[in-house]
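Here are a few friendly notes to read alongside the structure. Keep the 3D view open and look for each residue as it comes up.

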Amino acid sequence: MAKGSRGARNAALGLVGAKGALVAIGTAVALTASSLPPREAAADGPTCSAWDVEYALAGTMRLADTTMGAADGTFPVGPGRAAVRFDDHGGVPGGHARLTAYSMHEHVTITTRAFFLGATLVTDTNSRAVAGGNGVVAEGNLAGTTLTWSGPMSVYRTDGTTTCEGTLCGKFGAPPPGSSEVHIGPRAVQLAPFQFAPDLKTFSMHEVQTAHAESPKQTTFEAISGREVKRTCVP
């Protein structure tokens, strides 16, 4: 065979070998790629149908209508807790909202005087909403940054103790001397809208009436603020 023909044949064989190697490499890459999970599933994880969000609460309690205004005033209360289940709205909480838990601890000390008499009242109570058979306390809707409640917390209770010390105790509607139990409710409490910050991490609610009692005579109003402490995806 001529030298030139032999060289051409070797070149052709080399080209075929190179093509075979490229085909083998391409096949291996294709097999490897087909064995990997889809990129979107790996990156996105499970789809959330709802979000459970828990909030730490702090607030203020305003007492009004007490006898001679002797115990009227505004006092800090807390801590408290609220839990809300939101529908998923494009990967974040939004739309329909269900309040599943609500509670507030109220420890208030009041020093009061009336008719040359004085007393120190220490109230230590826990107020909480009782969920219905569906596990829901109240329902509402989050539009933008405003969560509006469609109805009240229908079963809201306050239980605890009050201690009275001083010459005013047991007089003019004041609690009796010493420690006595406090039980208010159950009653319905309509929450005001929760106004959230743009990042939906914190909210505030202006005051609403939470209780009224004749002994001791008083009307109670509370305002709250909330801070998100936990957010859980509901697949």
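1. Let's begin inside the protein. Val53, Tyr55, Phe86, Pro93, Leu142, Phe196, Leu200, Glu228 and Arg231 form the lining of the second largest cavity. This is a predicted model, and the volume computed for that cavity is about 40 Å³.

2. Who supplies this lining? At least two of its residues come from β1 (50–64), and at least two from β11. Sorted by class, the lining of the second largest cavity holds seven nonpolar and two charged residues, with no polar ones.

3. Now move to the largest cavity, with a volume of about 50 Å³. Its lining consists of Tyr102, Met153, Tyr156, Val189, Leu191, Met205, Val208, Thr210, Glu222 and Ile224. Two or more of these residues come from each of β7 (153–166), β10 (202–214) and β11 (217–234). The top contributor is β10, with three residues. By class, the lining of the largest cavity has eight nonpolar residues, one polar and one charged.

4. How many cavities of 30 Å³ or more are there? The count is two.

5. Step back to the whole chain. The protein chain has two helices and 11 strands, and along the sequence the order is α-α-β-β-β-β-β-β-β-β-β-β-β.

6. Finally, some totals. Of the 235 residues in the protein chain, 34% are buried. Among contacts with a separation of 6 or more, 63% join residues 24 or more positions apart. The accessible surface is about 13,100 Å², and carbon and sulfur atoms account for 60% of that surface.

Terms used. Residues are numbered from 1 along each chain as its sequence is written. This is a predicted model: local features need pLDDT of at least 70, side-chain atom pairs count only at pLDDT 80 or more; totals for chains, interfaces and linings use all residues. Side-chain values use heavy atoms; hydrogens and water are left out. Helices (H or I, at least four residues) and strands (E, at least two) are DSSP runs, numbered from the N terminus. Buried means under 20% relative accessible area, exposed over 50%, partly exposed in between (1.4 Å probe, protein chains only). Contact means heavy atoms within 4.5 Å. Accessible areas come from the Shrake-Rupley method with a 1.4 Å probe; for residues, only the protein chains shown count as cover. On a 1 Å grid over the protein atoms alone, a cavity is a set of points where a 1.4 Å probe fits but cannot get out, and a pocket is an open set with protein on both sides within 12 Å along at least five of seven lines; lining residues have an atom within 4 Å of a point. Grid points are joined across faces, edges and corners, and a volume is the space filled by probe spheres set on the points. Ala, Val, Leu, Ile, Met, Phe, Trp, Tyr, Cys and Pro count as nonpolar, Asp, Glu, Lys and Arg as charged, and the others, Gly among them, as polar.
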